[in-house]
Amino acid sequence: MKYFHLVWGALLRRKARTIFTMASVLAAFLLFGMLDSVRTAFADAGHSVSGASQMITMSKLGLGQQLPLSLQSRIESVPGVTAVAYVNWFGGIYQDPKNFFPNEAVSENYFAVQDAVNLPPDQVKTFQSTRDGAVVGAALAKKFHWKIGDKIPLQATIWPQKDGSNAWNFTLVGIFTARHATEKGIENAMFFRWKYFDEARQFANGSVGWYQEKIASPDQASRVSTAIDAISANSDHETKTETANAFTASFLSQLANIGLIVTGIMAAVFFTLILLTGNTMAQAVRERIPEIAVLKTIGFTNRSVLSLVLAEAVLLVVIGGVIGMLLAMMVVGGLKAALGQTLPMADVGGSIWGSAIVLMIVIGFVVGVLPALRGMHLKIVDALTGR
Amino acid sequence: MKRFLRGLLLIVVLVIVLALWSALPWYGAAIAAILLVLWLALTRAGRRTLNVTGVGLATLPARWGASSVIVIGIAGVVGVLVALLAMGEGLQATLQGTGSADTAIVLRGGSQAESSSVLLHADTVLIAQAAGIARDAQGHAIASPELLLAANLPKKNGQDANLSVRGVGPEAWAVRPNLHIIAGRKFKPGTLELDVGKGVMGQFEGMTMGSKVKLGNQLWTVVGEFDSGDAFNSEIWADMQTIGPVYHRGSSASSVTVKLTSPSAFAQFKAALAANPQLKVDAETTHKYFADQSGGINKLIRYLGTTIAIIMGIGAVFGALNSMYAAVATRSREIATLRAVGFRGTPVVVSVLLETMLLALAGGVLGAFIAWAIFGHYTASTSAGGGFSFTQMIFQFRVTPALVWNGIKWALAIGFIGGLFPAVRAARLPVTTALREL
């Protein structure tokens with residue numbers, strides 16, 4: 001720390017070069033912050049707090065296959081299962097297909113199972129007693145300016161009414177929030193009563209899309225899933241049960257290998273950054289050879305010359321990197337507000353900052369080490385005579 | 001004040017040039033390049049520029065570190081841009097290449113996608129009676145009721161994924177003349193046999209000719225592989241009458257695809273369906289149906305790819321600026337000498353710009369080549385391709401000439417920005433001080 005002004009002076013020696021290099025570092029870390037935020041959002045979706053103690057039972061045949069309603073009581077009797085709800089994907093459209101949001105028909109006890117949702121108890125009661133009652137997340141209500149008591153019309157895509165009409169109407173009886181800050185995505189969903197849905201739909205009555213179970217403890221997940229799947233083994237409606245987290249993770253991995261894409265882009269970015277910053281450091285040391293020789297003459301050890309140059313390189317990368325990450329924080333905040341759930345992004349928080357800082361220091365060392373060694377090994381007499 | 005105005009002017013020129021450049025088609029750039037070559041070869045100022053540039057290029061090896069920063073930096077931008085856009089392009093090409101103008105697909109009214117549509121057996125019979133449908137040699141309407149299902153099967157990476165299973169009848173082959181069996185044979189109706197799309201063969205575990213695949217609690221045998229060069233390569237096909245009951249769908253269908261007598265018969269066909277009070281269906285040409293499904297995702301990829309490339313490009317511009325300012329600084333005595341013996345500013349400015357843009361061009365070509373070498377024949381899959389079916393769409397990245405050209409345009413633009421300011425600096429070097437500099 002004693003020599004901070006020396007390091008700082010070295011950076012200021014050629015201001016334009018330092019600023020240009022920092023701008024490149026800034027751009028690289030801005031990109032890192034943004035991309036890692038997307039990657040983290042995808043990775044976290046499979047590790048949610050509420051998703052660890054919830055199980056999902058679907059038809060083993062595949063997506064969109066229905067299961068008989070009669071399974072509910074049999075699943076309830078599996079030890080370790082505390083509540084069983086059932087759901088049908090509705091896939092309705094509000095006004096325009098572009099307004100896409102998830103909407104599902106759910107059993108009356110759904111909110112006892114779905115931990116991620118925080119619905120006031122009195123609204124749960126109204127939901128259970130209103131025939132065409134529906135609840136929506138706070139984000140969705142805000143987007144379409146809905147308030148309790150509003151009628152919400154949806155156009156069915158999968159489930160027509162008995163008379164063949166696609167027009168379904170619901171009454172908004174509750175607005176819920178996400179229980180955990182990391183699971184805000186659910187605030188874009190709409191849930192309505194399965195009973196109303198089942199009575200009115202044209203076909204497949206008495207069948208459900210999937211079961212959602214709450215289990216006493218996440219440790220029992222694998223035992224419970226085996227027990228549930230055993231109920232319908234060798235029947236014509238075999239099931240596949242997994243934790244809600246495993247289900248989400250598998251669903252997202254089928255969308256795209258986000259981790260691989262982000263890693264590939266960042267590898268290209270940091271490779272070019274190392275080359276660029278390394279070149280700057282090499283130039284900086286080359287120019288200062290006589291000065292370094294003077295430092296050595298007045299008694300600076302090889303070690304301290306080495307650390308001076310390394311410190312300069314690390315400082316260069318860290319300043320640019322920190323500004324880039326701060327910018328990424330702002331950009332991600334802005335994008336999240338503007339895009340909503342179109343592109344999942346996590347807040348640029350502790351873990352992203354942590355890996356960014358580690359990267360900055362490592363890159364600083366990598367680009368600094370060759371010029372630093374050159375400075376260390378330089379012979380005073382040769383350097384001073386300009387050889 | 002004067003300096004500020006000059007800087008402002010430079011930035012305005014830069015913005016105009018970049019705007020023109022981004023809109024320039026390839027032949028426009030070719031004409032510009034030819035004009036530049038003619039100017040270099042035929043005019044006095046041009047020949048002088050060539051001389052100065054020659055000196056600059058000759059000293060390149062002496063500063064290979066700084067020059068490689070430009071080349072590699074720009075190669076990185078172009079490589080990432082081309083690879084990302086090639087992904088969007090591949091996905092879009094697969095969907096837009098699917099379907100034709102003389103076949104139409106009929107779905108239940110309001111259902112948007114095949115995966116959410118349900119047509120009862122009676123509906124499919126009525127649809128096949130509509131006007132405008134072509135007939136085969138025996139006089140039967142060429143209409144193919146099909147049942148689209150999703151099966152949960154393990155991929156080669158060990159994870160389960162949703163795969164489209166299409167239950168079809170004999171007419172399915174007739175409405176898709178571009179779909180051919182490339183190995184084995186068609187399944188026999190009424191048996192547990194499957195034909196597998198070419199894309200699925202490579203991506204899913206245990207999908208080989210003769211192997212058994214478990215759908216429901218039955219084992220199905222793979223007896224053939226087909227290739228259509230489009231979205232159907234991501235499907236497996238089975239007999240609709242056999243697979244329907246396994247999936248508890250009875251005799252219902254998801255869609256009916258019909259061969260029209262001609263593309264212009266579509267209006268007649270659609271009107272005939274709308275006029276039938278017993279039917280509540282939507283009809284679309286298959287070409288439009290599949291093209292509509294690709295719109296959103298390719299736009300998103302293009303938007304993301306461009307954003308990432310802009311940020312990387314900014315980083316590369318500063319790298320180029322650094323290198324070229326350093327280059328101008330080391331050559332300041334030489335440039336000042338040229339100015340002292342009577343060279344005007346233009347050859348100096350153009351030569352520094354030319355040098356940067358040549359390095360940028362090398363970077364652009366290198367980046368596009370790397371993207372092509374890695375992703376030119378890369379096969380990927382996504383569940384975001386086909387509306388809301390959430391089944392796997394297998395597609396190949398497409399590094400098209402248009403994308404490569406786009407990448408090279410980016411490279412030259414970055415080179416231009418990175419070279420312009422150092423070039424102007426070089427031309428404005430005060431001759432006397434520069435000559436005195438050691």
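At what angle do helix α2 and helix α3 of chain B pack, and how far apart are their axes? The legends below describe close-up views of a predicted model, and the first view takes up this question.

**View 1. Packing of helices α2 and α3 in chain B.** Helix α2 (residues 26-42) and helix α3 (residues 44-58) of chain B pack at an angle of about 95°, and their axes are 5 Å apart. Because angles of 65 to 115 degrees count as roughly perpendicular, α2(B) is described as roughly perpendicular to α3(B). On the α2(B) side, the contact is made by Trp39(B), Leu40(B), Ala41(B) and Leu42(B). These meet Gly46(B), Thr49(B) and Leu50(B) of α3(B). By residue class, the contact of α2(B) with α3(B) holds five nonpolar residues, two polar and no charged.

**View 2. The two domains of chain B.** Domain 1 of chain B is built from two segments, 24-96 and 294-436, while domain 2 covers 110-279. Taken over C-alpha atoms, the centres of these two domains of chain B are separated by 48 Å. Where they touch, 14 residues of domain 1 of chain B are in contact with 17 residues of domain 2 of chain B. On the domain 1 side of this contact in chain B, at least two residues each come from α4 (64-96), β11 (379-382) and β12 (393-396). That side of domain 1 of chain B has nine polar residues, five nonpolar and no charged.

**View 3. Contact between chain A and chain B.** Chain A contributes 44 residues to the contact and chain B contributes 45 residues. Three helices of chain A, α2 (15-45), α9 (244-255) and α10 (258-287), each supply at least two residues of the side that touches chain B. The largest share of that side of chain A, 11 residues, belongs to α10(A). In chain A, the residues touching chain B comprise 22 nonpolar, 18 polar and four charged.

View 4. Strand β5 (residues 117-118) of chain A pairs with strand β8 (residues 167-178) of chain A in the antiparallel sense, over two bridges. Here Asn118(A) stands opposite Thr177(A) of β8(A). Strand β6 (residues 133-137) of chain A pairs with β8(A) in the parallel sense, over five bridges. In β8(A), the residue opposite Gly133(A) is Thr171(A). Strand β7 (residues 151-155) of chain A runs antiparallel to β8(A) and is joined to β8(A) by five bridges. Gln155(A) has Ala167(A) of β8(A) as its bridge partner.

**View 5. The two domains of chain A.** In chain A, the assignment gives domain 1 as 4-46 together with 257-385, and domain 2 as 61-237. The C-alpha centres of domain 1 and domain 2 of chain A lie 49 Å apart.

**View 6. Confidence of the prediction.** The mean pLDDT of chain A is 89, and 98% of the residues of chain A score at least 70. Chain B averages a pLDDT of 87, with 97% of its residues at 70 or more. Among the elements of chain A, strand β9 (residues 190-193) has the highest mean pLDDT (95). Helix α14 (residues 380-385) of chain A has the lowest (79). Where pLDDT is low, predicted coordinates should not be read in detail. For the model, ipTM is 0.82 and pTM is 0.85.

Note on methods. Residues numbered from 1 in each chain as written. Chains lettered and ligands numbered in written order. Predicted model: local features only at pLDDT ≥ 70, side-chain atom pairs only at ≥ 80, totals over all residues. Domains from an automatic or database assignment. Contact = placed C-beta atoms within 7 Å. Helix = DSSP H or I, 4+ residues; strand = E, 2+ residues; numbered from the N terminus. Nonpolar A, V, L, I, M, F, W, Y, C, P; charged D, E, K, R; others polar. Axes fitted to C-alpha atoms, helices over the stretch in contact; angles between N-to-C directions. Parallel < 35°, antiparallel > 145°, perpendicular 65-115°, else oblique. Pairing = 2+ DSSP bridges. pLDDT = per-residue confidence, 0-100.
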